[in-house]
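Here is a short briefing on a structure with its sequence. Read the points with the structure open beside them.

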Amino acid sequence: MNESEVYDKVVELIKPYAKNQDALASISTESNILEDLEVNSARLVDIVLAFEDDFDIEVEDDDADAIITIGDAVKLICKQLG
Amino acid sequence: MTKEVNSSGKNRVVITGLGVLSPNAHGLTEYEQALRSGTSGIRFFETLAELKFGCQIGGAPQGVEELKHQYLPEEDLLAMNQAMTYAAIAGMDCWRDAGLREISPESDVDWDTGAIIGAGIGGLDTVGEKLIPKVDAKRVRRLGSTLVEQVMASAVSAKLGGILGLGGQVYSNSSACTTGTEAIINAYFHIKEGRAKRVMAGGAEGSSHYIWAGFDGMRVLNTKSNDAPELGSRPMSASANGFIPGSGAGLLMLESLESALERGVRIYAEIGGANVNCGGHRGGGSMTAPNPEGVIRCIHAALKEGNIQAQDIDAINGHLTATFADPKEIENWGNALGRKNDDFPLVNSTKSLIGHGLGAAGGLECTAAILQLYKGFIHGSLNCEDLHPEIESIKNSVVHKTQDFDGQYIAKSSFGFGDVNGCIIFRKWQN
């Protein structure tokens with residue numbers, strides 16, 4: 001899976017949790033998950049679980065805490081996928 | 001003294017909004033029609049048969065999987081179980097029916113409105129489907145973030161408080177099958193004492209087999225009507241042998257008369273008087289049976305609280321579940337009011353149409369009582385053509401077919417495990 005495919009999948013997985021659905025139209029690697037997409041911070045746990053299930057990876061809590069933007073998530077997942 | 005307060009100088013309390021999601025209807029128009037026509041909401045459940053329940057029929061709101069998307073965004077629904085979803089749909093309907101501001105995440109907080117919405121059992125669907133399987137499989141870390149808010153005792157009120165932006169006291173009560181009625185009574189006293197202008201109140205319960213299983217295990221459900229669901233719920237009948245589990249949500253907007261008149265909104269009814277108590281598991285009462293003295297005291301206190309005479313009660317919307325307790329309930333009412341035989345008020349059981357909604361029952365049935373008072377009818381009770389011999393003496397008061405009604409007072413009673421009682425007397429609103 002290349003980086004672009006990972007990005008598309010990440011956006012798809014985050015989409016249901018975004019309270020600001022309008023922000024999805026202009027989403028990019030720079031989009032801040034909590035501030036721009038207005039995801040409830042408690043739901044980051046669920047998003048990380050979705051990453052783990054979908055990409056068949058394991059994300060450590062410290063690594064999960066470091067995810068701020070869509071780009072951070074893509075980078076972490078690509079690293080895990082090798 | 002103005003007319004907005006009673007003789008004690010306390011606020012008068014009226015109903016200005018209703019919301020209902022019932023096994024036989026969604027919304028007031030459908031509900032009124034279903035009550036009038038005697039439409040049963042009891043259906044056969046394949047899941048209950050597969051799981052070898054004795055009772056394989058029940059009452060669940062229909063079409064909720066589609067309906068919920070018209071009310072709530074995906075982000076909310078990811079963390080909502082059945083009871084929360086039912087409460088949200090009925091609550092949003094109730095809010096709009098009361099003519100309040102637009103529902104939006106961007107709205108201001110309404111500091112004048114609270115909510116008291118309870119569940120009898122609560123989020124056992126979430127416990128059964130998510131919590132226990134994951135914990136037992138040592139997968140606690142994969143429970144995610146949405147579990148606590150669905151299993152906490154205040155789940156149904158907490159979510160709705162956020163959807164509507166409520167700023168008054170928001171909490172959930174729980175008193176078994178009295179829950180919904182108790183919530184309305186608590187809201188009544190809250191407004192009467194001047195602590196809030198408005199409180200949305202009632203109850204909600206999910207439709208999960210995990211919620212219903214315990215009652216099946218107790219042998220208190222009717223197991224003899226699996227092939228004829230609509231005949232299964234038989235309050236007051238000689239052939240009654242257990243209740244049919246139900247679910248849904250029924251919510252009322254209670255408001256001070258002063259606030260309602262100020263807003264110029266429609267008033268459905270006034271709360272004339274109310275009381276809740278407990279029989280203390282004495283005098284024949286137990287965890288599962290009422291102490292008759294407790295019931296009678298509750299009814300007397302509700303009458304006294306509203307300065308209403310026993311003779312004033314025109315109709316009773318009973319608790320009447322279709323267990324051995326029905327004849328006892330009728331006897332208690334007769335003794336409490338001192339009215340026997342043909343002098344007994346008209347009586348019906350909404351559970352004959354929708355089953356026993358447990359924590360939702362009080363809300364669903366108070367909504368039925370108010371609609372009947374406001375629209376001038378008393379709905380027929382299904383499946384009691386063969387009246388229980390101990391109820392025979394009041395046979396002329398049992399309403400079998402829907403009839404016109406011009407009365408002023410309908411009493412609603414609910415009784416629950418724990419020997420708890422609740423009684424509300426609704427008064428027809430006259431401007």
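Predicted model: local features only at pLDDT ≥ 70, side-chain atom pairs only at ≥ 80, totals over all residues.

Residues are numbered from 1 along each chain as its sequence is written, and chains are lettered from A and ligands numbered from 1 in the order in which they are written.

**Positive phi in chain B**

- Most residues other than glycine have a negative phi.
- B:Ala322 is not a glycine, yet its phi is positive, at about 95°.
- The loop that holds B:Ala322 runs between β10 (315–317) and α13 (325–337) of chain B; helices (H or I, at least four residues) and strands (E, at least two) are DSSP runs, numbered from the N terminus.
- B:Lys52, also a residue other than glycine, has a positive phi near 60°.
- B:Lys52 sits in the loop between α2 (46–50) and β4 (57–59) of chain B.
- B:Lys52 is exposed, because 8 other C-beta atoms lie within 10 Å.

**Chain B as a whole**

- Chain B has 15 helices and 15 strands.
- Its radius of gyration (taken over C-alpha atoms) is 20 Å, close to the 22 Å that the globule rule (2.2 Å times the number of residues to the power 0.38) gives for 431 residues, so chain B is as compact as a globular protein of that length.
- Along the principal axes, the C-alpha atoms of chain B fill a box of roughly 60 × 55 × 40 Å.
- Of its 431 residues, 56% count as buried.
- Two residues are in contact if their C-beta atoms, placed from the backbone, lie within 7 Å.
- Among contacts in chain B between residues at least 6 apart in sequence, 80% join residues at least 24 apart.

**B:Leu257**

- B:Leu257 belongs to helix α11 (residues 257–263) of chain B.
- B:Leu257 is buried, because 21 other C-beta atoms lie within 10 Å.
- Leaving out residues up to four places away in sequence, B:Leu257 touches B:Glu4, B:Asn11, B:Arg12, B:Val13 and B:Val14.
- B:Leu257 and B:Arg12 are 245 residues apart in sequence, but 5.5 Å apart in space, C-alpha to C-alpha.

**Helices α3 and α5 of chain B**

- The axes of α3(B) (residues 64–71) and α5(B) (residues 82–97) come within 10 Å and cross at roughly 55°.
- Axes are lines fitted to C-alpha atoms, for helices over the stretch in contact, and angles run from 0 to 180 degrees between N-to-C directions.
- B:Val64, B:Leu67, B:Lys68 and B:Tyr71 in α3(B) meet B:Thr85, B:Ala88, B:Ile89 and B:Met92 in α5(B).
- The residues of this contact divide into six nonpolar, one polar and one charged (Ala, Val, Leu, Ile, Met, Phe, Trp, Tyr, Cys and Pro count as nonpolar, Asp, Glu, Lys and Arg as charged, and the others, Gly among them, as polar).

- Chain A has four helices and zero strands.
- Buried residues make up 23% of its 82 residues.
- Nine residues of chain A are in contact with seven residues of chain B.
- On the chain A side, the touching residues are six nonpolar, no polar and three charged.

Conventions. Buried ≥ 20, exposed ≤ 12 C-beta atoms within 10 Å, placed from the backbone.
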